[in-house]
Amino acid sequence: MISTAPPSGGFFGPFIHAGLFAQIVILVLLVMSIVSWAVILRKARYVRRAAQQTRQFLNLFGLRTRLGDYEQVARTMRASPLSSLLLAGVEEWQKLRKDFHGTVQGAELLQQLIPNITEAMDRAASRESDRLEGWLPFLSITTMVAPFLGLLGTVQGVLATFLGLRTTQIPTLQTIAPGISDALITTIMGLVVAIPAAFFYNYFVGRVRNLQSEMERFSSELTGILRREIIYSQLEGTDTWNPNTRP
């Protein structure tokens, strides 16, 4: 009957008795795990707050009628990426309005320069996307690299075990098993690091895509609002539009 005595060192026995190469692999995986969980916790808080304020922003946005009200709402919900888009659009709008205020055919020129406002919002959307996607590449790299690092440690451990048996005439399970079990610990460690990183990477990618879709829809809606307001100003016989007086 084969003896199944537990390894010395308890739960940490395989880590303690692992070879130098395996210990280096485990140390690298441990650092990757710590950084991954720090990214996961920080990103979860950031994305959750952004999504929550975006929902509130859209609810309030539908109740406002003046651009000044939109701007006020945006300044109180800076965690929402829509706030940055709106503020960028308003800033560009005010620059154009200042340049063309009182000029002949000012409203027509503003219509032609609507793409400038759209481009300003696109730049803001790009910055917000970079912020939302920050550190996600690290989770992606961890997902791909950690299992291979673990496998590398295992292969090296198995190879070292068999090389150590070259001088043994009759290898037995008792002489092979400890080396194999110690080598497998790096594979386990690699999977423990990679699985949470893969899960949360895909979760965050989905949440970020939802927010990016909201930004695209909001940018299109705000551009339409600005076009309508310019037409209203023309119908009212003014060549510029005051956002704080529009009903």
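Among contacts in the protein chain (heavy atoms within 4.5 Å) between residues at least 6 apart in sequence, 79% join residues at least 24 apart. The model behind this is predicted, so to speak a computed one: local features need pLDDT of at least 70 and side-chain atom pairs count only at pLDDT 80 or more, while totals for chains, interfaces and linings use all residues. Residues are numbered from 1 along each chain as its sequence is written, and side-chain values use heavy atoms, with hydrogens and water left out.The protein chain holds 8 helices and 0 strands, where helices (H or I, at least four residues) and strands (E, at least two) are DSSP runs numbered from the N terminus. Read from that end, the elements go α-α-α-α-α-α-α-α. Of the 247 residues in the chain, 38% are buried; buried stands for under 20% relative accessible area, exposed for over 50%, and partly exposed for anything in between (1.4 Å probe, protein chains only).

Helix 2 (residues 20–61) and helix 7 (residues 136–164) have their axes 10 Å apart and meet at an angle of about 160 degrees. That angle makes helix 2 roughly antiparallel to helix 7. Axes here are lines fitted to C-alpha atoms, for helices over the stretch in contact, with angles running from 0 to 180 degrees between N-to-C directions. Angles under 35 degrees count as roughly parallel, over 145 as roughly antiparallel, 65 to 115 as roughly perpendicular and the rest as oblique. Helix 2 passes helix 7 in a left-handed crossing, meaning that the near helix is turned anticlockwise from the far one by less than a right angle (clockwise would be right-handed). On the helix 2 side, the contact includes F21, V25, L29 and M32, and on the helix 7 side it includes L136, F138, L139 and T142.

Helix 4 (residues 81–100) and helix 6 come within 8 Å, axis to axis, and cross at roughly 150 degrees. These two helices are therefore roughly antiparallel to each other, but the crossing of helix 4 past helix 6 is right-handed. Among the residues making this contact are P81, S84, L85 and W93 of helix 4, along with N116, I117, A120 and E128 of helix 6.

Back in helix 2, Q53 is buried, with a relative accessible area of 12%. The Q53 side chain reaches the backbone nitrogen of A79 at 3.2 Å. Such a polar contact is a pair of N or O atoms within 3.5 Å; within protein, one must be able to donate a hydrogen and the other to accept it, and residues adjacent in sequence count only if both atoms are side-chain atoms. Leaving aside residues up to four places away in sequence, Q53 touches M77, R78, A79 and S80.

Rings of Phe, Tyr and Trp (its six-membered ring) pair if their centres lie within 6.5 Å, with planes under 30 degrees apart counted as stacked, over 60 as edge-to-face and the rest as tilted. By this rule there are 6 aromatic pairs. For F57 and F218, the ring centres are 5.4 Å apart and the planes sit at 70 degrees, so this pair is edge-to-face. The pair ties together distant parts of the chain, with F57 in helix 2 and F218 in helix 8 (residues 173–235), 161 residues apart. Both F57 and F218 are buried. Elsewhere, W37, F199, F200, Y203 and F204 make up one aromatic cluster.

With 54% relative accessibility, W135 counts as exposed. Its phi is near 70 degrees, a positive value in a residue other than glycine.
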